[in-house]
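Please view the sequence and the structure first.

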Amino acid sequence: MTADRQDRPEGAPVGRRVVLGLLGLGALGIVGGSTLQKGLSAVLEPIETRDPTGLVSLLPAGGTFRFYSVTGAVAQPDAGDYRLTMSGLVQRSGTYTLADLQAMPQTDLVRDFQCVTGWRVPHVPWSGVRLGHLLDLAGPTRAADAVRLTSFDGTYTESLTLEQARRADVLVALRMSGGPVSHDHGGPVRLHVAPMYGYKSLKWLSGIELTQGVRPGYWEGSGYSVDGWVGSSNGRDDDPTG
Amino acid sequence: MTRPAEPAAVVEPELARFARPVRWVHGLVGALVLVCIVTAAVLYNGSLAVLVGHRHLVELVHVRCGFALPVPLLAGLVSRSYRADLRRLNRVTPRDWQWLRSRSRRDGRIPVGKFNAGQKLNGALSAGAIAVLLMSGTVMYSTGWAPLPWRTGATFVHDWSALAVGLLVVGHVRFALGDPVAMRSLRTGTVPRRWAQQEHGAWAAEHSGSPADEPRSGPGSPD
């Protein structure tokens with residue numbers, strides 16, 4: 001094609017420069033971006049939480065929740081239909097309604113919520129029943145040394161040792177940020193394991209089963225740590241949230 | 001590209017614009033980018049994420065399609081016409097800058113080559129963005145060796161460049177929808193000569209005198 005050969009020397013190779021320039025910027029961003037991201041989150045977070053249009057949340061700024069769901073669309077039970085079952089190695093198995101849980105002593109916590117993928121939401125107020133309180137009501141048998149948690153999404157599972165489950169900062173959460181736990185956040189009832197990464201705080205909680213030996217949960221099957229302490233697991237060094 | 005001789009053209013003569021390999025690369029890259037955008041939206045947007053769920057599957061599709069992106073782009077290099085188009089897209093002439101700055105750029109007074117300056121810019125930005133997304137995506141995906149701050153940085157780069165690419169694609173599609181002839185040419189490979197003279201005068205001049213696929217006469221020869 002004669003035309004191409006004639007075209008070739010004409011003009012500067014701007015295309016190549018743009019591509020190489022962007023690649024260089026990208027590499028710089030990878031090396032220095034975590035600092036930039038922190039600064040940006042600090043600026044955008046207060047704007048985002050007050051933004052009535054929700055448009056700011058479309059920006060990839062961090063500082064707010066991202067929503068993960070591991071299975072298909074999750075059913076939204078009416079508050080009246082919700083049930084939480086206690087089963088496994090317990091002396092008194094049972095089922096609780098939302099009203100039952102609301103009538104139990106409530107514990108309030110304010111903690112940063114840290115995801116293992118890096119995002120962190122500062123100062124989230126949580127409120128709910130201590131998991132330890134429910135365990136006391138059920139009375140684990142002598143053989144029980146772990147808790148398996150299941151979700152009404154049908155797929156998500158989690159686990160804790162009995163010792164971890166009895167911590168004062170492990171809640172069966174009914175409220176967050178001043179309102180009921182919304183469906184997208186895993187409501188009406190979700191787990192909140194304050195000192196561990198977000199994936200340990202099972203969403204759409206529907207079952208608590210006492211077991212002998214820890215049965216690793218859904219995310220642990222993909223290589224995440226079973227004991228997901230913030231700052232000392234999963235190869236991360238975030239500030240602890242416990 | 002050779003074709004069976006067409007019946008004597010009473011219709012408007014067509015100029016060959018995009019060879020088959022070029023059309024295939026464009027189509028495949030377009031499809032992969034679209035799948036990446038849709039899956040990215042599901043991974044990223046909270047309401048969509050909860051609506052669709054299946055996070056692991058969506059992630060798998062996104063990552064596979066992302067890593068597949070360079071395949072058609074590089075495979076096209078075996079084609080001479082594809083390489084020729086890349087060369088043209090790469091080079092920006094002083095006339096291109098003039099065209100970009102001009103307010104009346106669409107009136108055809110500044111003769112435009114096969115690609116106008118906007119298309120060249122879009123090509124460069126798209127190629128660069130794909131490269132950046134691939135690089136940052138690889139770091140994000142390499143939980144084994146990449147240090148954690150790099151992975152955070154890569155996520156930062158990936159998120160923002162994805163947003164930029166989204167805007168770029170919206171612009172690209174908008175311009176395409178505004179010019180059905182240009183859009184058709186990416187399916188059929190040809191454009192009516194009159195359209196070429198109007199939109200890409202300098203390129204049409206290269207073909208002047210020969211409505212067939214191969215330009216036999218050089219630029220500037222009498223019509």
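## Basis

Contact means that heavy atoms lie within 4.5 Å. This is a predicted model, in which local features need pLDDT of at least 70, side-chain atom pairs count only at pLDDT 80 or more, and totals for chains, interfaces and linings use all residues. Residues are numbered from 1 along each chain as its sequence is written.

## Nonpolar cores

A nonpolar core is a set of buried Ala, Val, Leu, Ile, Met, Phe, Trp, Tyr and Cys residues joined through side-chain atoms within 4.5 Å. Buried means under 20% relative accessible area, with a 1.4 Å probe and protein chains only.

The largest nonpolar core has 50 residues, of which A:L101, A:L134 and A:I208 touch the most other members. Strand β7 (residues 170-176) of chain A gives the most to this core, six residues; strands (E, at least two residues) and helices (H or I, at least four) are DSSP runs, numbered from the N terminus. Beyond four places in sequence, the contacts of A:L101 include A:Y82, A:L134 and A:V189.

## Two helices in chain B

Helix α3 (residues 55-68) and helix α7 (residues 117-141) of chain B have axes that come within 10 Å and cross at roughly 135°. Axes are lines fitted to C-alpha atoms, for helices over the stretch in contact, and angles run from 0 to 180 degrees between N-to-C directions.

Where they meet, α3(B) contributes B:E59, B:V63, B:G66 and B:F67, and α7(B) contributes B:L134, B:T138 and B:Y141.

## B:W195

B:W195 lies in helix α10 (residues 193-199) of chain B. B:W195 is buried, with a relative accessible area of 9%.

Terms used:
Chains lettered and ligands numbered in written order. Heavy atoms only, no water.
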